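Here's a quick briefing to read alongside the structure. Take a look at the model first, then work through the points below.

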Amino acid sequence: MEKAISGCFFQQMYSSLTSISMERDHMKDLRRYLVLKYIQYLVLSSSNAVSTLLGLLGSLYVTIILQSAKVSSKSTTVLIASLAKADILVSVSVAAEMVAWTFDVAISSPAFASALLQNLLTANAHISALLLSCVALEAYLITFFPTESRRLRTVKNARWTSRIIWLLVAAECILFQTDDLLKAGGAPAPVCSPLVFHFSSRAAALLRSLSYFLGILLRIVNVYFYYKIFFSMSNRSTLKTK
């Protein structure tokens with residue numbers, strides 16, 4: 001009986017959220033969501049509890065409104081959908097920490113679990129930053145090269161771009177997790193040879209340095225794109241008023 005009541009409650013809540021999203025301007029909501037994500041990943045030096053919670057709620061709402069038939073399937077929509085899915089990694093990390101803290105769960109390998117949760121957050125940040133940069137690049141192309149870039153700005157290319165980003169970041173986090181496992185001494189003796197340990201440690205350190213500088217570069221590039229777009233739109237509006 002309780003399961004049936006709870007099931008009806010969640011079904012009604014989902015239906016109400018869906019009906020609300022049907023009545024709103026989806027493009028404005030998607031723009032607000034992008035602004036929130038830009039602040040979370042490309043403005044703030046590190047995400048805090050408030051920005052993380054707002055990001056999760058925003059991703060949930062965007063996931064719901066993207067199910068609407070009123071939202072057209074465009075390349076930007078595909079990138080935004082993939083951006084919202086990246087917050088699943090944050091949800092898993094937060095849920096695991098809450099379960100471990102609430103029920104005082106004993107973890108057989110705390111170092112491995114801690115590194116895994118941290119790597120999930122790292123994967124979310126890197127995927128989000130790259131996808132947001134793709135959205136900025138697409139906005140730049142639409143503004144300055146609308147005709148020339150039409151062949152590039154397709155739904156198929158957006159899906160392939162999202163998949164490549166996810167695969168690259170997954171490979172990065174696997175390397176980080178392997179390095180953390182070797183440093184913690186949790187790997188089997190045949191695997192944890194000095195050569196493997198040295199290679200993994202050097203590769204992980206190099207990749208972390210590259211990720212840091214890439215993050216700075218992405219911030220600069222995004223600022224440049226939106227700087228050009230803003231002044232282009234300002235000049236157009238000025239010409240229209242004259």
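Helices here are DSSP runs (H or I, at least four residues), while strands are E runs of at least two, all numbered from the N terminus. A helix's expected span is 1.5 Å times one less than its number of residues. This is a predicted model, where local features need pLDDT of at least 70 and side-chain atom pairs count only at pLDDT 80 or more, while totals for chains, interfaces and linings use all residues. Residues are numbered from 1 along each chain as its sequence is written, and side-chain values use heavy atoms, with hydrogens and water left out.

**Helix α2**
- Helix α2 covers residues 26-43, and its 18 residues should span 26 Å at 1.5 Å a residue; the end C-alpha atoms are 24 Å apart, which agrees.
- Buried residues (under 20% relative accessible area with a 1.4 Å probe, protein chains only; exposed is over 50%, partly exposed in between) of α2 include Leu-30, Tyr-33, Leu-34, Lys-37, Tyr-38 and Tyr-41.
- Residues three or four places apart in an α-helix point the same way, because there are 3.6 residues a turn.
- Not counting residues up to four places away in sequence, Tyr-38 has contacts (heavy atoms within 4.5 Å) with Val-43, Leu-132, Val-135, Ala-136, Asn-222 and Tyr-226.

**The largest nonpolar core**
- A nonpolar core is a set of buried Ala, Val, Leu, Ile, Met, Phe, Trp, Tyr and Cys residues joined through side-chain atoms within 4.5 Å.
- The largest one has 34 residues, and Leu-34, Tyr-38, Val-62, Ile-127 and Leu-132 touch the most other members.
- Two or more residues each come from α2, α3 (49-65), α4 (75-102), α5, α6 and α7 (194-241).
- The biggest giver is α5, with 10 residues.

- Asn-124 sits in helix α5 (residues 110-144), and it counts as buried because its relative accessibility is 2%.
- Beyond its neighbours within four places in sequence, Asn-124 touches Tyr-41, Ala-86, Asp-87, Leu-89 and Val-90.
- Phe-176 belongs to helix α6 (residues 155-184) and is buried, at 3% relative accessible area.
- Leaving out neighbours within four places, Phe-176 contacts Asn-119, Thr-122, Ala-204, Leu-207 and Arg-208.
- Although Phe-176 and Asn-119 are 57 residues apart along the chain, their C-alpha atoms are separated by 7.2 Å.

**What the record says**
- An unreviewed UniProt entry lists residues 38-66, 123-143, 164-185 and 205-227 as "transmembrane region"; such annotations may be inferred rather than shown by experiment.
- In the model, residues 123-143 are 100% helix and 0% strand, with end C-alpha atoms 30 Å apart.
- Residues 205-227 are 100% helix and 0% strand, and their end C-alpha atoms lie 33 Å apart.
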